[in-house]
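This report covers a few residues of the structure shown below. Please keep the sequence at hand while reading.

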Amino acid sequence: MKDAKFIFVAGSTALILSVILCADVFARELAVIANREYPMNSISVSVVKDIYLGEKTIDGNIKIRPMEQRDEAIRKMFIERVMGSTIDGYKAYWIKKFFQEGIMPPAAKGTSSEMIQAIMKTAGALGYAWIDDVRNEAGIKVLMKMEVGN
């Protein structure tokens, strides 16, 4: 009876460890990227929030042009993990900001590939993409990386 109990506990422990290790292996990493001419080489989460909330629009003498994605999976991760908001809260913020201040929300691009291409061609452009999509792209630079889970 003791052997059966030991095997059950050992098996359960191994299963739990496997789930934890697999979750870490498949955790995705999001990157905040910019045109290679962007004046900064790194950026903090608080500055990213200021940019995506329309509070910071200029860096040095360059007009910042934030872009976001229409892909719901990465957009949700970015808004929840980086912006600390919900999709509905973020939309409500921008509707209010647009009608009260006349400021437009960040331009939306369809996919990571479209965003990367637009950032490469636009001075001051800044956006986000999965880190796997931006490796070895010559016209952009990674300002920040953040693990966002699955």
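Contact here means heavy atoms within 4.5 Å.

## Basis

The model is predicted, so local features need pLDDT of at least 70 and side-chain atom pairs count only at pLDDT 80 or more, while totals for chains, interfaces and linings use all residues. Residues are numbered from 1 along each chain as its sequence is written, and side-chain values use heavy atoms, with hydrogens and water left out.

## M120

M120 lies in helix α5 (residues 112-121); helices (H or I, at least four residues) and strands (E, at least two) are DSSP runs, numbered from the N terminus. M120 touches N35, E137, G139 and I140, leaving aside residues up to four places away in sequence. Its C-alpha atom is 9.9 Å from that of I33, 87 residues apart along the chain.

M120 is partly exposed, at a relative accessible area of 30%. Buried means under 20% relative accessible area, exposed over 50%, and partly exposed in between (1.4 Å probe, protein chains only).

## K141

K141 belongs to strand β7 (residues 140-149). Residues up to four places away in sequence aside, K141 touches V32, I33, A34, N35, R36, Y38, M40 and N41.

Two backbone oxygens lie by polar atoms of the K141 side chain: that of Y38 at 2.7 Å and that of M40 at 3.1 Å.

## F99

F99 sits in helix α4 (residues 87-101). With a relative accessible area of 65%, F99 is exposed.

Key. Polar contact = N/O pair within 3.5 Å; in protein donor to acceptor, adjacent residues only side chain to side chain.
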